[in-house]
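Here's a quick tour for anyone opening this one for the first time. Have a look around, then read on.

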Amino acid sequence: MTKPISIAPSILSADFMGLGADLDAVATADWVHYDVMDGHFVPNLSFGPGILKQVKARTALPVDAHLMVSNPDDVIDDYIKARADLVTFHLEAARDAAEMIGRIHASGRGAGIAISPDTPAEAVFPYLADIELILVMTVYPGFGGQSFIDAMLPKIAQVRAACDRIGADPWIQVDGGIGPDTVRRAADAGANLLVAGSGVYGARDRAARIAELKRIAEGA
Ligand code: DX5
Ligand code: ZN
């Protein structure tokens, strides 16, 4: 693994009435994770490109947009325009994943593919050499604060092994139920970009929690 262990707080768990302050509170993280939910692909609604633009204006960190939407082919351009540094779509919802990867790359941004718990690792294998990030969901997408699904650990390891076989090194991101008790297992399985929503925002001292997650994940 060549990429460093990195922490991405999910602002889905932030206080939306104080989103600016809650962004400032995670300035020591490596990324900001931006969860887009459309009330259709998942049974919940969050925020769209308009608020992403404001988030990008506020934070100096790179932002990865996780699109939990039924029609990613139709909306990725909105998130590119809103200045997402990396755009991740769900493979289960994609009409033409290769075309979307091309379009995201043409804009100069990174492309990510997410897979839900019921989608096997093999589904992303055809894309491993062409994308900057694979997101292995460790909960069913839709809500923050759910429990980490341990049965996803072998899937993370399968994705890591498949990358190693072809000499690819995309970020391997995990999302859902990441906290001090689970982050080590995810990292040991091969993940290096660790999303934590309630795991960060549920802590009184967010900077301390980010440092703690990183230290535990690094096995220090
Ligand atoms: C879940 C979202 C996650 C969510 C994670 O559908 O994609 O990013 O914010 O929340 P926690 O870390 O609380 O499980
Ligand atoms: Zn997410």
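Which residues does Leu 194 touch, not counting residues up to four places away in sequence? They are Ile 5, Ser 6, Ile 7, Ala 8, Val 174, Val 183, Ala 186 and Ala 217, where a contact means heavy atoms within 4.5 Å.

Before going further: this is a predicted model, so local features need pLDDT of at least 70 and side-chain atom pairs count only at pLDDT 80 or more, while totals for chains, interfaces and linings use all residues. Residues are numbered from 1 along each chain as its sequence is written, chains are lettered from A and ligands numbered from 1 in the order in which they are written, and side-chain values use heavy atoms, with hydrogens and water left out.

**More on Leu 194**
- You'll find Leu 194 in strand S8 (residues 193-196); helices (H or I, at least four residues) and strands (E, at least two) are DSSP runs, numbered from the N terminus.
- Its relative accessible area is 1%, so Leu 194 is buried (buried is under 20% relative accessible area, exposed over 50%, partly exposed in between, using a 1.4 Å probe and protein chains only).
- Leu 194 and Ile 178 sit 16 residues apart in sequence, and their C-alpha atoms are 7.3 Å apart in space.

**The zinc site**
- Four residues supply the protein donors of the zinc ion (ligand 2): His 33 (NE2), Asp 35 (OD), His 66 (ND1) and Asp 175 (OD), at 2.0 to 2.3 Å.
- Donors here are N, O and S atoms within 2.8 Å of the metal (3.2 Å for Na, K and Ca); water is not among the atoms, so sites may look incomplete.
- Six donor atoms surround the zinc ion (ligand 2), and their angles of 71 to 170° make the arrangement octahedral (four donors are tetrahedral if all angles lie between 85 and 135 degrees; four count as square planar and six as octahedral if opposite donors are over 155 degrees apart and all others between 65 and 115; anything else is irregular).
- Along the chain, the donors follow the spacing H-x1-D-x30-H-x108-D.
- His 33 in strand S2 (residues 32-37) and His 66 in strand S3 (residues 63-68) are 33 residues apart, so this pair links distant parts of the chain.
- Both His 33 and His 66 are buried.

**Asp 64 in strand S3**
- Asp 64 lies in S3, and its relative accessible area of 0% makes it buried.
- Leaving out residues up to four places away in sequence, Asp 64 touches Ala 8, Trp 31, Val 32, His 33, Tyr 34, Leu 86 and Gln 173.

**Helix H5**
- H5 (residues 153-166) has 14 residues and should span 20 Å at 1.5 Å a residue; its end C-alpha atoms are 21 Å apart, which agrees (the expected span is 1.5 Å times one less than the number of residues).
- Buried residues in H5 include Leu 153, Ile 156 and Val 159.
- The buried residues of H5 pack against strands S5 (110-115), S6 (133-137) and S7 (171-175), and against helix H6 (183-189).
- After H5 comes Gly 167, with a positive phi near 70°.

**Helices H3 and H4**
- The axes of H3 (residues 72-81) and H4 (residues 97-106) come within 11 Å and cross at roughly 10°.- That makes H3 roughly parallel to H4 (angles under 35 degrees count as roughly parallel, over 145 as roughly antiparallel, 65 to 115 as roughly perpendicular and the rest as oblique).
- Axes are lines fitted to C-alpha atoms, for helices over the stretch in contact, and angles run from 0 to 180 degrees between N-to-C directions.
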